[in-house]
Amino acid sequence: MSASPPLPVPRPSEIVRGLDEYVIGQDEAKRTVAVAVYSHYRKIGQPRAEGLRVAKSNLLLIGPTGTGKTLTCETLSRLLDVPFVTAEATSLAQTRYVGEEIEAVLSRLADRAGGDVARAGRGIVFIDEIDKLKAPRGETRATSGENVQHALLKIMEGAKVKLHDGRYLDTTDVLFVCGGAFVGLAEIMAQTKSFGYIATKDDDNRRILERLNSRVKPTDLFTYGLIPEFTGRLPIVARFGELSRDLLVRIMTEPRDSLYAQFREVFRQEGVELVVAKRVFEQVAEIATEYKTGARSLRGIFEELVSPILYIVPDDPAIRRVDIASLFADPVVVRAG
Ligand SMILES: Nc1ncnc2c1ncn2[C@@H]1O[C@H](COP(=O)(O)OP(=O)(O)OP(=O)(O)O)[C@@H](O)[C@H]1O
Ligand SMILES: [Mg+2]
């Protein structure tokens with residue numbers, strides 16, 4: 001039984017709309033996450049029928065690096081106004097005392113909640129690189145990885161964990177989100193497609209089958225190398241896709257805090273209007289695609305482009321406007337008078 005009163009929880013569609021302002025693309029993943037988060041927070045503080053334990057809807061986010069997994073969790077915690085911490089499964093696996101590391105993570109969550117343990121008890125813990133806990137190739141067991149999975153299982157189920165300051169944090173209502181790239185999972189899934197295509201012209205049927213077949217099943221995660229107890233605790237899987245060039249362009253220009261918006265603001269404070277042509281964003285996206293780090297490399301490339309200009313702008317108060325038309329052409333500087 002949870003002592004805390006129910007939270008005002010935004011509806012799934014509202015959560016998706018909130019995410020849309022910051023996370024570009026990944027529409028199906030956003031919907032999956034929104035429903036999971038909605039049902040998780042709806043359960044908190046609701047009276048439960050005697051003896052009925054509603055299973056926790058822990059989430060697993062799968063997808064390549066730099067495609068928005070951490071960003072989604074961060075944005076969620078802001079939308080829901082709950083504290084948020086991230087931890088890396090690999091660093092948990094490197095310590096001798098997993099328990100202590102987990103206490104440290106939850107202590108950080110309490111700090112984020114301003115020391116309010118009850119508030120921390122409804123926070124979000126994102127555990128990244130969960131795929132690295134798998135048994136290495138050719139081995140059936142990865143002792144350290146397996147230990148971490150067992151330790152995580154306990155707190156994901158709900159446990160009272162002693163914090164550094166001696167107080168206890170009840171993790172029953174904490175939302176645990178695991179993340180990982182799971183390289184090679186697609187091949188495993190291809191081998192275990194369980195629903196065959198029926199000869200039909202009905203497009204809807206086909207779509208339903210495709211959806212079922214693209215679902216990541218606990219058995220796929222087991223084949224991948226995670227222990228079955230753990231895979232069983234991650235019933236909801238949201239898949240983040242590779243970001244296309246178009247999406248990368250939108251990421252640089254559309255979100256409220258997009259790179260373009262940020263740099264326009266930097267220039268504005270110097271009294272200068274920065275105008276970057278769409279072509280430039282396409283060129284940046286092209287280069288970022290080659291780096292294969294999702295949206296992560298966009299900032300570096302963009303910074304390299306504008307920092308020579310930012311170098312000269314403060315020296316020349318007459319500059320009013322800077323036009324960048326291409327990565328491979330000098331920017332056009334417009335001065336007053
Ligand atoms: N879909 C997206 N929409 C908007 N920005 C994005 C998106 N994906 C990535 N980004 C940008 O790239 C940065 C890195 O993304 P994020 O940290 O979410 O990646 P990740 O999927 O968690 O990767 P990793 O698996 O390496 O942890 C973000 O801070 C954000 O600026
Ligand atoms: Mg991440």
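I counted two residues as in contact when they have heavy atoms within 4.5 Å. The model is predicted, and I kept that in mind throughout. With that cut-off, I looked at contacts between residues at least 6 apart in sequence and found that 71% join residues at least 24 apart.

Next I noted the overall make-up. The protein chain holds 15 helices and 10 strands. I saw that 42% of its 337 residues count as buried. Its accessible surface is about 18100 Å², and carbon and sulfur atoms account for 51% of that.

Then I turned to salt bridges, and the tally came to 20.

I started with Arg-335, which pairs with Asp-316 at 2.6 Å between the closest N and O atoms. Arg-335 sits in strand β10 and Asp-316 in the loop between α15 and β9, so this pair ties together parts that are 19 residues apart in sequence. Arg-335 is partly exposed, at 44% relative accessibility.

My next stop was helix α14, residues 278-291, where Glu-282 and Lys-278 are four residues apart, about one helical turn. Their closest N and O atoms are 3.7 Å apart in a salt bridge. Glu-282 is partly exposed at 24%, whereas Lys-278 is exposed at 57%.

I also checked Arg-250 and Glu-254, which form a salt bridge at 3.1 Å between the closest N and O atoms. Arg-250 is partly exposed at 35%, and Glu-254 is partly exposed at 46%.

Last, I wrote down a salt-bridge network that links Arg-264, Glu-273, Arg-321 and Asp-323.

Key:
Residues are numbered from 1 along each chain as its sequence is written. Chains are lettered from A and ligands numbered from 1 in the order in which they are written. This is a predicted model: local features need pLDDT of at least 70, side-chain atom pairs count only at pLDDT 80 or more; totals for chains, interfaces and linings use all residues. Side-chain values use heavy atoms; hydrogens and water are left out. Helices (H or I, at least four residues) and strands (E, at least two) are DSSP runs, numbered from the N terminus. Buried means under 20% relative accessible area, exposed over 50%, partly exposed in between (1.4 Å probe, protein chains only). Accessible areas come from the Shrake-Rupley method with a 1.4 Å probe; for residues, only the protein chains shown count as cover. A salt bridge is a side-chain nitrogen of Lys or Arg within 4 Å of a carboxyl oxygen of Asp or Glu.
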